[in-house]
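Student: I am new to this structure. Please take a close look at one part of it, then lead me on from there.

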Amino acid sequence: MSEISVLLPDGSSRALPAGSSIADLAASIGSRLAKAAIAGTVDGAEVDLSVPLHDGASVSIITADSDAGRHVLRHSTAHVLAQAVVQLFEGAHFTIGPAIEDGFYYDFALPDNKTFSDDDLASIEKRMREIMKSNQPFTRSEVSVKEALAVFATQPYKCEIIERVTSGAADGSDVAEVGSSDSVSLYRNSDSFVDLCRGPHVPSTSRLGHFSLMKVAGAYWRGNEKGPMLQRIYGTAWESDTALKEHLHRLEEATKRDHRRLANELDLLSFPTELGGGLAVWHPKGAIVRKLMEDYSRQRHQDGDYQFVYTPHLANANLFAKSGHLDFYADGMYPPMEMDNGTYYMKPMNCPMHCLIFDSRQRSYRELPLRLFELGNVYRYERAGTLHGLLRIRGFTQDDSHIYCTEEQMADEISSLLDFIMSVLRRFGFNDFEFNLSTRDPEKSVGSDEIWGKATEALREALDRHGVEYKIKEGDAAFYGPKIDIDVRDAIGRKWQLSTIQCDFNLPERFELEYVGSDGARHRPIMLHRALFGSIERFFGVLIEHYAGAFPSWLSPEQVRVLPVALAHDEYATSVVAQLKKAGFRVDIDHADEQLGKRIRNAKTSKVPYVLVVGDDDVSHQSVGVNPRGGEVERDVSVTDFIARLTAEVAEGQLGDIDVS
Ligand SMILES: [Zn+2]
Ligand SMILES: [Zn+2]
């Protein structure tokens with residue numbers, strides 16, 4: 001055959017000379033695409049650009065500025081990192097080097113347990129740039145296991161990976177390195193450097209270069225704390241210098257916004273070492289914001305026909321045996337307490353207790369959907385090394401709801417939950433949502449095909465009704481039911497997973513929950529778990545970073561600070577404070593003990609939304625000078641006017657345009 005025909009993603013087909021590669025296909029479409037292409041897919045599998053195409057193949061071209069393209073760039077850059085390290089550090093062993101979000105890493109073992117210094121990173125980066133400049137092709141080959149073991153004779157970690165894969169003991173990370181079990185694929189990018197890999201890669205090292213090495217950290221081989229400690233070098237890589245610079249700028253912004261630093265500077269909360277890891281105490285200013293968040297949440301739940309409940313922090317082991325937590329969630333639970341001839345646990349979740357409330361008396365279909373809501377404190381074990389400020393913490397408060405409904409009510413209920421969640425999140429300044437639908441893993445799940453089908457369909461229907469785009473995560477659901485996760489993007493474009501709606505067919509079964517239907521017969525309800533903020537603590541951490549500590553006026557712990565210009569204006573300033581307090585605002589005065597300029601700067605550092613300066617004219621006019629955070633100074637505003645304006649602003653912040661479309 002002198003010509004083949006391939007199928008493109010838009011459904012069209014294209015004729016090419018036999019033996020053409022994906023690179024040839026890209027060139028036949030256009031020179032811009034040929035330049036942007038770095039890999040491709042053939043019949044769904046990612047492959048190198050140089051792979052020859054077969055007749056009838058479904059082909060797509062991967063460009064550097066796509067998610068898949070960046071993944072290839074990052075992984076290829078990791079190879080070059082390993083190449084540079086092996087060349088510069090005699091006796092270095094290299095292990096694995098995957099692409100990760102925004103970048104890549106590679107793990108190394110240096111002789112005599114040596115570690116990399118910051119200077120080392122600079123020289124490694126320099127060598128990497130030389131390798132990239134020298135335009136070395138990534139050449140793939142397939143060899144037998146025996147040959148591969150010979151190639152890596154001086155690299156014990158590579159040999160271990162090869163042996164694990166070929167003996168069938170491999171996990172996902174090994175398979176990514178090697179691919180299959182009968183032969184081993186290698187990528188060589190110079191005579192001196194070859195790595196184990198399934199690929200694909202960029203065609204040549206010259207396609208790389210918009211990267212930066214970030215840091216070095218210790219990492220256990222295979223994450224095993226008893227295994228050897230390796231040196232992990234992290235880097236970031238992008239399709240262009242602009243994209244790289246934007247990313248580095250985002251990181252800088254993220255450091256400035258670090259909630260642990262801001263919580264300390266703004267006196268919101270702290271993590272005293274005496275208290276123990278992963279536990280916070282809330283200071284008065286942080287507690288004000290928390291109370292406002294909770295009040296708002298309670299109000300919205302009350303308006304949404306939720307019924308409030310309270311449950312204890314401890315429970316008898318029997319409860320967690322019944323719920324299955326002792327079987328499936330033991331790692332996340334704290335050690336048991338023995339007392340009164342019984343065993344007790346801190347609760348990791350509120351769900352079992354809410355089931356007890358449902359089951360406390362006979363339920364009728366007329367009561368459904370029954371929506372129970374609790375700001376419930378739970379305690380979950382997190383390893384010390386993974387704790388991170390408010391984002392990963394050992395005790396926290398969920399805005400937790402369990403909704404019991406009939407199968408028929410499921411779709412409407414989920415649909416209105418989506419509205420509810422988005423409208424509450426918008427109030428906190430989040431407008432950019434991403435939805436993920438996780439479906440069944442048939443290997444690990446309880447419940448019939450029929451019920452999984454119905455629930456997944458209900459979740460899908462709710463998303464479709466909202467006309468939102470969503471990703472499907474095949475097999476990613478919990479064993480007890482499918483779910484929707486909602487991610488938001490913050491002010492600097494970072495993604496946070498906040499809310500979740502989960503169907504559960506397991507707990508109603510284990511607790512033998514029933515309601516009496518309109519037919520007089522007993523039926524099992526569906527249970528939905530729903531957390532909106534996720535946890536108050538984590539959500540507060542995200543909010544601090546999202547707003548960079550500059551909370552909108554309705555949430556701000558101190559809404560107004562009044563500054564008398566001189567001692568003579570103190571009395572008038574105090575009367576302004578009294579008027580504002582009477583109007584319900586959180587207001588402070590900073591007396592004229594220091595220079596005005598210094599006091600204004602202090603107020604800005606504290607991120608107070610409004611600074612009011614009062615001097616001679618203000619005393620005679622009953623006015624104030626309004627100095628808004630990030631805005632223009634306005635003089636001679638009457639106190640009544642200012643109160644009216646702030647009242648409107650705060651009211652809008654709290655109630656505002658609740659858009660539930
Ligand atoms: Zn590779
Ligand atoms: Zn739950």
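Tutor: Start with E17 and strand E19 (residues 342-346), which pair in the antiparallel sense over three bridges. Strands here are DSSP runs of at least two residues (E), helices runs of at least four (H or I), both numbered from the N terminus. Two strands pair if DSSP finds at least two bridges between them. The model is predicted, so local features need pLDDT of at least 70 and side-chain atom pairs pLDDT 80 or more, while totals for chains, interfaces and linings use all residues. Residues are numbered from 1 along each chain, chains are lettered from A and ligands numbered from 1, in the order written, and side-chain values use heavy atoms, without hydrogens or water.

Within this pairing, Leu-314 stands opposite Met-346 in E19. The sheet is open and has three strands, in the order E17-E19-E18, with antiparallel pairing. Its edges are strand E17 (314-316) and strand E18 (337-339), each pairing on one side only.

Now the metals. Cys-351 (SG), His-402 (NE2) and His-529 (ND1) coordinate the zinc ion (ligand 2) at 2.0 to 2.4 Å. Donors are N, O and S atoms within 2.8 Å of the metal (3.2 Å for Na, K and Ca); water is not among the atoms, so sites may look incomplete. The sequence spacing of these donor residues is C-x50-H-x126-H. His-402 has 1% relative accessibility, so it counts as buried. His-529 is buried too, with a relative accessible area of 9%. Buried means under 20% relative accessible area (1.4 Å probe, protein chains only).

Turn to the zinc ion (ligand 1). Its protein donors are His-75 (NE2), His-79 (NE2), Cys-197 (SG) and His-201 (NE2), lying 1.8 to 2.1 Å from it. The spacing in sequence is H-x3-H-x117-C-x3-H. Angles among the four donor atoms are 90 to 128°, and the site is tetrahedral (four donors, all angles between 85 and 135 degrees). Cys-197 and His-201 are both buried.

Last, the cores. The largest nonpolar core has 84 residues; Phe-428, Leu-555, Val-562, Leu-580 and Phe-642 have the most contacts inside it. Helix H14 (residues 410-427) gives the most to this core, with 10 residues. Apart from it lies another core, of 52 residues, including Phe-94 and Leu-208. A nonpolar core joins buried Ala, Val, Leu, Ile, Met, Phe, Trp, Tyr and Cys residues through side-chain atoms within 4.5 Å.

Terms used: Tetrahedral: all angles 85-135°; square planar, octahedral: opposite > 155°, others 65-115°. Buried < 20%, exposed > 50% of the residue type's maximum accessible area, 1.4 Å probe, protein only.
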